[in-house]
Amino acid sequence: MGKYLGIDASTQSISGLLIDTEAGAIIAEESINFDAHFHDSYGVENGVFTMGGGTVHSAPLMWAEALDLLLQTLSAQGCDLGQIQAIAGSGQQHGTVYLNDTAASALGNLSADKSLKDQLAGIFSRETAPIWMDTSTAAQCAEIEAGVGGRDALLELTGNTAFERFSGPQIRKFHQTEPTNYTNTSYIGLVSSYVASLLAGKLVGVDPGDGSGTNMMDIAARTWNQQALDATAPGLEDKLLPIAPSGQSVGAISPYYVARYGFSTECLVLPFSGDNPCSLIGLGLVTPGQVALSLGTSDTLFACMDQPRTSKEGEGAVFASPDGQHYMALTCYLNGSLAREAVRNEYGLDWDGFTAALQATPPGNDGGLMLPYFAPEIVPNVPEAHVVRHHLDAADAQANVRAIIEAQALSSAIHARWMGVDITSIYVTGGASANAEILRVYANVHNCPIHRFETTNSAALGAALRAAHGHNPADSWQETVGPFTQPVPGSTIEPDGEAVAAYRNLVGTYETLEQTHTNN
Ligand code: XUL
């Protein structure tokens, strides 16, 4: 029992979330927005540099400056940082940070009367860090897949096919385009391990959760895979630290933070993980079969799996869970709110009208189906936007409302099969989760209860819970996450037998329609 800090180093901001496990409550939350504080000094927009040709980078020195500002702000707000027993964190996934041979000693000799920025400006062998939004490495993806014996071989070894944003293809591009700077790089870390290194005052390894997003880690063994490293860049193993188990402290916080912000000398630092793996914990998904669905701009489905199952069709990514035992499946649909709003606008409805349309139409929509690709879709792979209506009158507003929601729910069931998860409950978050009629469709399609979950910052919360568990490893994960991950009281929606049967019949028809109109 005690106080634990979770830090989320994300694309547009760095946030801190402090929990008190005795009270079962979040006791402080603060966020530093990069544009608000550093637009002028670094030139970032939305936290990044958009450099053309799909290249998107950010500034690791800015992240260090922002960390100082975050801790200063928390302390100025009256948070007693001296009571924090452990810190863990979360980082935007895949981004790589390149350090030279002065980094280890600069981190180890931080002086409390100068800022991190003033002391660390010289540690980089590359001033900028490519991040997850970078799509410039298609050639390197193909080369890495070929280098390990093909796409399926990489999938088998690492749990994922090569993605442009993943770290390995980004490292390969750096080696190819800046060979001297690559040679002068002593250490390559991820956003997560870099921020952990700042706090620990020493270089910290990448954890399995974030290592899974590199195309370089053996997903089952949770160690770097030599074959994948060889296919990525020469001498890479010498620039990486061993994978650091997510739950094991890497040591106490650097004396810099003790002197400057009043942290306890006993405060432990745990390895940071990726933001999605941390969200898995922050949403309470520590048992296989638990699934969370975020209904946002895009819709994202997260699941806790007992095995590192993979999708040959590229329906999703697989990451090791930072709980140290399980795996996380992540599937992202681009046509989330985007498509719901497109239908709402097309028929001139407000959200009440949208809800009324769902209430007025029967489950199964009398056979009317829609393929809702208002924008190109990730899952299934649909490169060009196109909307298909099947036994559905385009003039019938109410039937079209039901069709878009049923399409999204049916697609979420079809493309969750690769996860091999027997879905027992779904926690739903995000803007559209406020709509009980939408959730009812999901309950009936998946034939399981749906619970609404009000998230704050699930990645930072997950990080704080990881810190708590790392400090109290004898507690079960369920005990650790339970008090912080309860559904909204009264929000549970149970499936209805008749509607479940209607969808059981419809899912095959939808799948055939989808296959007819897509590449899958
Ligand atoms: C996941 C991904 C993003 C980043 C954003 O694969 O690229 O979700 O982690 O923070």
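This is a predicted model: local features need pLDDT of at least 70, side-chain atom pairs count only at pLDDT 80 or more; totals for chains, interfaces and linings use all residues.

Reader: What is the phi of Gly 149, which follows H5?

Author: Gly 149 has a positive phi, near 105°.

Reader: Why is His 469 called buried?

Author: The cut-off for buried is under 20% relative accessible area. His 469 has 11% relative accessibility, so it counts as buried. This residue is found in helix H18 (residues 458-471). Not counting residues up to four places away in sequence, His 469 touches Asp 475, Ser 476, Trp 477 and Thr 480.

Reader: And what makes Leu 439 buried?

Author: The cut-off is again under 20%. Leu 439 has a relative accessible area of 2%, so it is buried. Leu 439 lies in helix H17 (residues 436-446). Leaving aside neighbours within four places in sequence, its contacts are Leu 295, Val 428, Ser 433, Ile 450, Arg 452 and Ile 493.

Reader: How far apart are Leu 439 and Ile 426 in space?

Author: Their C-alpha atoms are 9.8 Å apart, while in sequence the two are 13 residues apart.

Reader: Now the whole protein. How do you know that its radius of gyration agrees with a compact globule?

Author: For 520 residues, a compact globule would have a radius of gyration near 24 Å; the protein has 23 Å, so the two agree. Its C-alpha atoms fill a box of roughly 70 × 55 × 45 Å along the principal axes. Buried residues make up 60% of the 520 residues.

Reader: What share of the contacts with a separation of 6 or more comes from residues 24 or more positions apart?

Author: Such residues account for 73% of those contacts. The protein has 20 helices and 22 strands.

Reader: How many positive and negative side chains are there?

Author: There are 23 positive and 55 negative side chains, and the centres of the two sets lie 2 Å apart. As for the surface, the protein exposes about 18700 Å², with carbon and sulfur atoms supplying 48% of it.

Definitions and conventions: Residues are numbered from 1 along each chain as its sequence is written. Side-chain values use heavy atoms; hydrogens and water are left out. Helices (H or I, at least four residues) and strands (E, at least two) are DSSP runs, numbered from the N terminus. The radius of gyration is taken over C-alpha atoms; the globule rule is 2.2 Å times the number of residues to the power 0.38. Buried means under 20% relative accessible area, exposed over 50%, partly exposed in between (1.4 Å probe, protein chains only). Contact means heavy atoms within 4.5 Å. Accessible areas come from the Shrake-Rupley method with a 1.4 Å probe; for residues, only the protein chains shown count as cover. Lys and Arg count as positive and Asp and Glu as negative; His and the chain ends are not counted. The place of a charge is taken as NZ of Lys, CZ of Arg, CG of Asp or CD of Glu.
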